[in-house]
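This report is written for a reader who is meeting a protein model for the first time. Please keep the sequence and the structure in view while reading.

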Amino acid sequence: MTIDPGIKLLIVDDLPENLLALEASIRDDGYSIHQASSGEEALALLLEHEFALAILDVQMPGMNGFELAELIRGMARTKHLPIVFVSAAGKELDYAFKGYENGAVDFLYKPLDAYAVKSKVQVFVDLYRQRTELRRQLVALEESRRRQQALVSELQTAQIDLKRALQMRDEFMSMVVHELRTPLSVLAMEVRVRQHQIAAENTAFFAAENLSRMFERDQRQVRSLTRLIDDMLDVSQIQHGKLSIRRGRCDLAAMLKRVVGEVQGQRSDVPITLKADCVDLVGEWDEFRLEQVVVNLLTNALRYGNGKPIRVELNQLPGAATIRVSDLGVGIAPEDRGRVFEQFVRVGDRLRTPGLGLGLYITKQLVEAHGGTISVDSTLGEGSTFTVALPTMTAEATPAAATPAPAKAA
């Protein structure tokens, strides 16, 4: 016969022969039976095990059955334990009433009837099994409730994220339309003006000096369109994990001098100074991508710099190179500093600030794809400094294959 270790019975009697007789009457039912010859032994077992039923002899020296029952009822762990008293006394009502008053659920009288003992034990064991199953079901229900609550929370978060994504999509499309319309409108207007001059046979309008200015204006608008399209393509590559870094020999000092010169040529109204603590700084970087980084930072400085001078610094450190771009413009509020590298974020007056809010986001991805970092230090109303730190790498330490940038969530 297999003993059910989950069903434990406690029998308490000061006489060994009574314990043996009681255990013999219920042993065949396969329960795990624990014996105690005193109230103290019974209490120790109650602290160690969970019992389905306690059968207590009433008349024991020292702590009698009623006193033991009172202690059992006083402990939180055992206050619901069914107690059956065993007594050799008669079935006087007052004696039984005292037992019930002390927490008994039933009485057995000596000499014991084995059939009656087995029947009563079976009843309380069944009740214990039902209580255990009910507790298990309650635990399972609580766990299910927690899972459902977590699922609801996840769904609510997903709903908020979806709503935010839809809002960002709508804002993005609005910004794209606005940003594309501006250069296209300028180009369309230029075309109409030239068509009107041709129709009027005003050849003087197309003199060499006027043509040069026309081409310059056209190139400026084309550059704006190209930049917008390139930014959107870069964001798409970043989100799909397809942005690659193609390292090669790159002189940061020479690259910075060239890019600063080109930007200064386009915006001669804003002084841009370059300070480098080295004549050349050669490493293994993707020169094209780093040009994007510098152009984005300079464009940002021009956009928010209020027309004040911009400073670019290049420093060589042990194992790293740093590029700093500083302006004296509007600065960034403390609550916005952590957001400037996110997608579609434009601090300040959004209506007056051009761009899609992608430049610094793309810049951060390009810098991190090189294993570098970018940070911003800013004081509202006094300007901002963006610092890019790039680890210097040698050709021997750089893999020949392109290094993909990690995908970023939208």
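## Basis of the report

The model is predicted: local features need pLDDT of at least 70, side-chain atom pairs count only at pLDDT 80 or more, and totals for chains, interfaces and linings use all residues. Residues are numbered from 1 along each chain as its sequence is written, and side-chain values use heavy atoms, with hydrogens and water left out.

## Overall make-up

The protein contains 10 helices and 14 strands. These elements are DSSP runs numbered from the N terminus, with helices (H or I) of at least four residues and strands (E) of at least two. Of its 410 residues, 40% count as buried. Buried means under 20% relative accessible area, exposed means over 50%, and partly exposed lies in between (1.4 Å probe, protein chains only).

A contact means heavy atoms within 4.5 Å. Among contacts between residues at least 6 apart in sequence, 69% join residues at least 24 apart.

Asp57 belongs to strand E3, which covers residues 53-57. Asp57 counts as buried because its relative accessibility is 4%. Apart from neighbours within four places in sequence, Asp57 is in contact with Val12, Asp13, Asp14, Gly65, Val86 and Lys110. An unreviewed UniProt entry lists Asp57 under "modified residue: 4-aspartylphosphate". UniProt positions are given here in the numbering of this model, feature names are shortened, and annotations may be inferred rather than shown by experiment.

The structure holds one cavity of 30 Å³ or more. On a 1 Å grid over the protein atoms alone, a cavity is a set of points where a 1.4 Å probe fits but cannot get out, and lining residues have an atom within 4 Å of a point. Grid points are joined across faces, edges and corners, and a volume is the space filled by probe spheres set on the points. The largest cavity has a volume of about 40 Å³. Its lining consists of Val12, Asp13, Asn18, Leu22, Ile55, Leu56, Asp57, Val86, Lys110 and Leu112. E3 gives the largest share of this lining, three residues, and both helix H1 (16-26) and E3 supply at least two residues each. By type, the lining residues are six nonpolar, one polar and three charged. Here Ala, Val, Leu, Ile, Met, Phe, Trp, Tyr, Cys and Pro count as nonpolar, Asp, Glu, Lys and Arg as charged, and the others, Gly among them, as polar.

## From strand E5 into helix H5

Between strand E5 and helix H5 lies a loop that includes Pro111. The peptide bond from Lys110 to Pro111 is cis, with omega near -5 degrees. Most residues other than glycine have a negative phi, and most peptide bonds are trans.

Asp113 also lies in the loop between strand E5 (106-109) and helix H5 (114-199). With 47% relative accessibility, Asp113 counts as partly exposed. The side chain of Asp113 reaches the backbone nitrogen of Tyr115 at 3.0 Å. The C-alpha atoms of Asp113 and Leu22 are separated by 9.8 Å, although these residues are 91 apart along the chain. Ala114 lies in helix H5, and the C-alpha atoms of Ala114 and Ala24, 90 residues apart along the chain, are separated by 8.8 Å.

UniProt, in an unreviewed entry, places the feature "coiled-coil region" at residues 124-161. This span is 100% helix and 0% strand, and its end C-alpha atoms lie 54 Å apart.

Asn210 is found in helix H6, residues 208-239. Asn210 counts as buried, at 19% relative accessibility. Its side chain reaches the backbone oxygen of Phe205 at 3.2 Å.

Helix H10 (residues 359-369) is mostly covered, with eight of its 11 residues buried. Among them are Leu360, Tyr361, Ile362 and Leu366. Gly371, with a positive phi near 80 degrees, follows H10.

## Positive phi in two loops

Glu201 is found in the loop between H5 and H6. Its phi is near 55 degrees, a positive value in a residue other than glycine. Glu201 counts as exposed, at 67% relative accessibility.

Asn306 lies in the loop between helix H8 (287-304) and strand E10 (310-317). The phi of Asn306 is near 55 degrees, again positive in a residue other than glycine. Asn306 is exposed, with a relative accessible area of 52%.

Key: A polar contact is a pair of N or O atoms within 3.5 Å; within protein, one must be able to donate a hydrogen and the other to accept it, and residues adjacent in sequence count only if both atoms are side-chain atoms. On a 1 Å grid over the protein atoms alone, a cavity is a set of points where a 1.4 Å probe fits but cannot get out, and a pocket is an open set with protein on both sides within 12 Å along at least five of seven lines; lining residues have an atom within 4 Å of a point.
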